[in-house]
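Dear colleague,

I am passing on to you the structure that follows, together with notes on what was found in it. Please read the notes with the coordinates open beside them.

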Amino acid sequence: MAIHIVSGRVDRIEVRVPARTDSVGFARMIVTAIAAFEDLDLVSVADLRLAVDEACARLLGSAVGGGTLLLVVTVSSESVDVELSTVCRTAHASELIDPAGFSWYLLRSLTDHVEVFEFDEATDGTRTLGISMTTNRRN
C-alpha cells in the first residue's frame with residue numbers, strides 16, 4: 001500500500017491486491033471508507049461503491065490468472081477519483097466494456113465521469129487495462 005500526503009493531508013492511496021473475486025470486497029471497502037471520510041453525500045458513497053463492484057467485475061472477467069488488481073484513489077477539493085487496473089488477456093480497452101452495453105450505462109449513471117484506459121501490450125499478448133471513475137463533490 002502506498003499513501004501520498006500533501007500539506008498534512010492524504011490525497012492519493014494506492015493498494016495492490018490479488019486479481020481475484022475475493023478481493024472485490026476489500027477494494028469496495030477502501031473506496032467506501034475514503035468517500036465517506038471525504039464527506040461525500042450518502043447517495044454518492046453508495047453509487048461509488050456499486051461502480052467499484054461493476055468495474056471490478058469487468059476487469060476480473062478478463063484478468064490473467066495470478067495477476068494483481070491495482071486500486072488508486074485520488075482525492076481533491078473537487079472530486080474523488082478511482083482507478084482500477086490489471087493485466088488482461090483482452091486485446092483492447094474497447095473489448096473490456098461495450099459503450100452500448102449495460103455495464104457502460106451503469107458506470108455512467110453511478111459516477112460523473114468514466115474512462116477505460118490501456119497500457120502498452122506485453123510481449124505475451126496481454127495488456128494492462130483499467131477503468132477510471134470520477135465522483136464530483138456536491139456543494
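**What was found**

Of the 139 residues of the chain, 43% count as buried, where buried means under 20% relative accessible area, exposed means over 50%, and partly exposed lies in between (1.4 Å probe, protein chains only). Please keep in mind that this is a predicted model, in which local features need pLDDT of at least 70 and side-chain atom pairs count only at pLDDT 80 or more, while totals for chains, interfaces and linings use all residues. Residues are numbered from 1 along each chain as its sequence is written, and side-chain values use heavy atoms, with hydrogens and water left out.

**Overall layout**

The chain holds 4 helices and 6 strands, and from the N terminus on its elements follow the order β-β-α-α-β-β-α-α-β-β; helices (H or I, at least four residues) and strands (E, at least two) are DSSP runs, numbered from the N terminus. Of the contacts with a separation of 6 or more, 64% are between residues 24 or more positions apart, a contact being heavy atoms within 4.5 Å. The chain exposes about 7500 Å², and carbon and sulfur atoms supply 54% of that area, as computed by the Shrake-Rupley method with a 1.4 Å probe.

In soluble globular proteins, nonpolar side chains tend to be buried together. In this model the largest nonpolar core has 36 residues, of which Val82, Leu84, Ile131 and Met133 touch the most other members; such a core is a set of buried Ala, Val, Leu, Ile, Met, Phe, Trp, Tyr and Cys residues joined through side-chain atoms within 4.5 Å. The elements that give two or more residues to this core are β2 (9-18), α1 (24-37), α2 (42-62), β3 (68-75), β4 (79-88), α4 (102-110) and β6 (127-136), and α2 gives the most, with 8 residues.

Strand β4 deserves a separate look. Of its 10 residues, 7 are buried, so β4 is largely enclosed by the rest of the structure. It runs antiparallel to β3, to which 6 bridges join it, and these two strands form a hairpin with 3 residues between them; strands are taken to pair if DSSP finds at least two bridges between them. Within this pairing, Val73 has Val82 of β4 as its bridge partner. Strand β4 also runs antiparallel to β6, with 10 bridges joining the two, and here Glu83 has Ser132 of β6 as its bridge partner.

**Salt bridges**

The count comes to 7 salt bridges, a salt bridge being a side-chain nitrogen of Lys or Arg within 4 Å of a carboxyl oxygen of Asp or Glu. Which parts of the chain does the pair of Arg137 and Glu38 tie together? Arg137 lies in the segment after β6 and Glu38 in the loop between α1 and α2, so the pair connects parts that are 99 residues apart in sequence. The closest N and O atoms of this salt bridge are 2.7 Å apart, and both partners are buried, Arg137 at 19% relative accessibility and Glu38 at 9%.

Another salt bridge is formed by Glu14 and Arg16, with the closest N and O atoms 3.1 Å apart; Glu14 is buried, with a relative accessible area of 18%, whereas Arg16 is exposed, at 56%.

**Two local details**

Most residues other than glycine have a negative phi, and most peptide bonds are trans. Asp39, although not a glycine, has a positive phi of about 65 degrees; this residue is found in the loop between α1 and α2 and is exposed, with a relative accessible area of 68%.

The structure holds 1 aromatic pair. Phe102 and Tyr105 form this pair, which is tilted, with 6.5 Å from centre to centre and 40 degrees between the planes; rings of Phe, Tyr and Trp (its six-membered ring) pair if their centres lie within 6.5 Å, and planes under 30 degrees apart count as stacked, over 60 as edge-to-face and the rest as tilted. Both residues lie in helix α4, 3 residues apart, about one turn of the helix, and Phe102 is exposed at 59% relative accessible area, as is Tyr105 at 55%.

With kind regards
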